[in-house]
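Visitor: Hi, I have a model open here and would like to walk through it with you. Could you help me find my way around?
Guide: Happy to, let's take a look together.

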Amino acid sequence: MTEQTITRAHLSEAVYQEVGLSRNESAALVESVLDEIADALTRGEMVKISSFGTFSVRQKGQRVGRNPKTGQEVPILPRRVLVFRASHVLKGHINNALAAPSSGTSD
Amino acid sequence: MTKSELILRLAELNPHLFQRDVERIVSTIFDEVAKALARGDRVELRGFGAFSVKRRAQRTGRNPRTGEAVDVAAKAIPYFKTGKQLRDRLNGEETPETADDKA
């Protein structure tokens with residue numbers, strides 16, 4: 001059981017199969033969905049996709065970090081980070097599917 | 001923004017599509033991501049971020065109130081790592097591709 005990496009192309013293909021728009025338009029719509037989500041997050045909005053999860057933006061304060069190589073102290077500037085919380089539905093979905101065929105733990 | 005607001009917004013941008021098609025497009029995208037994760041696959045959306053599944057081994061936990069040992073079963077948790085371009089955008093650094101003006 002080898003892991004695959006799913007990309008935009010797979011998502012566009014799924015939209016193409018499911019909705020029956022042209023391949024080009026399907027790809028443009030996938031992009032448009034990601035863009036709208038990114039825009040909302042950039043405005044500082046939370047994005048809630050029911051039964052999938054919530055993307056939210058968290059403000060981090062300034063703190064002192066350290067260059068691990070030189071041990072030198074460097075200030076880490078305040079910044080905004082994106083946090084994704086999977087919904088219980090998604091967590092359940094993944095666990096039901098992966099719990100049975102456990103082929104060694106890979107972390 | 002909720003999923004239904006996202007659908008409304010996309011319907012506005014695509015007046016030639018039926019709203020039910022827009023709903024199917026949005027649902028298909030998230031369903032595909034969920035299905036991929038359930039297979040243990042990784043979903044990589046350059047510039048946006050990557051979804052993957054992290055496995056947690058079975059362990060012995062403790063009831064914090066009673067101190068009693070309890071078995072916690074192995075589980076898998078979905079994980080999202082923000083893409084570089086989106087991370088930069090959140091912090092007001094436009095990447096060349098989308099930068100318009102530095103005003």
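Visitor: In what order do the 3 strands of the open sheet in chain A come?
Guide: The order is β2-β3-β6, with antiparallel pairing. Strands here are DSSP runs of E with at least two residues, helices are runs of H or I with at least four, and both are numbered from the N terminus. Two strands pair if DSSP finds at least two bridges between them. Before we go on, this is a predicted model: local features need pLDDT of at least 70, side-chain atom pairs count only at pLDDT 80 or more, and totals for chains, interfaces and linings use all residues. Residues are numbered from 1 along each chain as its sequence is written, chains are lettered from A and ligands numbered from 1 in the order in which they are written, and side-chain values use heavy atoms, with hydrogens and water left out.

Visitor: Back to that sheet of chain A, which strands stand at the edges?
Guide: β2 (47–49) and β6 (79–86) of chain A do; each has a single partner strand, so one side of each is left without a neighbour in the sheet.

Visitor: And how many bridges join β3 to β6(A)?
Guide: Strand β3 (residues 53–60) of chain A is joined to β6(A) by 8 bridges, and the two run antiparallel. On that pairing, A:R58 sits opposite A:V81.

Visitor: What do β4(A) and β5(A) form?
Guide: They form a hairpin with 6 residues between them, and A:G71 in the turn has a positive phi of about 75°. Strands β4 (residues 63–66) and β5 (residues 73–76) of chain A pair in the antiparallel sense over 4 bridges. The bridge partner of A:R66 in β5(A) is A:E73.

Visitor: Which residue has a positive phi although it is not a glycine?
Guide: That's A:S51, at about 60°. Most residues other than glycine have a negative phi. You'll find A:S51 in the loop between β2 and β3 of chain A.

Visitor: Changing topic, which residues touch the most other members of the largest nonpolar core?
Guide: Among the 47 residues of that core, they are A:I37, A:F52, A:F55, B:L6, B:F48 and B:F51. Helix α2 (residues 19–38) of chain B gives the largest share, 9 residues. A nonpolar core is a set of buried Ala, Val, Leu, Ile, Met, Phe, Trp, Tyr and Cys residues joined through side-chain atoms within 4.5 Å.

Visitor: What is B:F48 in contact with?
Guide: Leaving aside neighbours within four places in sequence, the contacts of B:F48 (heavy atoms within 4.5 Å) include A:L34, A:I37, A:A38 and A:F55 in chain A, plus B:T82 in chain B. B:T82 lies in strand β5 (residues 75–82) of chain B and is buried, with a relative accessible area of 11%.

Visitor: Which element gives the most to the lining of the largest cavity?
Guide: α2(B) does, with 3 residues. The lining includes A:I37, A:F55, B:I29, B:F30 and B:F48.

Terms used:
Buried < 20%, exposed > 50% of the residue type's maximum accessible area, 1.4 Å probe, protein only. 1 Å grid on protein atoms, 1.4 Å probe; cavity = no way out; pocket = protein on both sides within 12 Å on 5 of 7 lines; lining within 4 Å.
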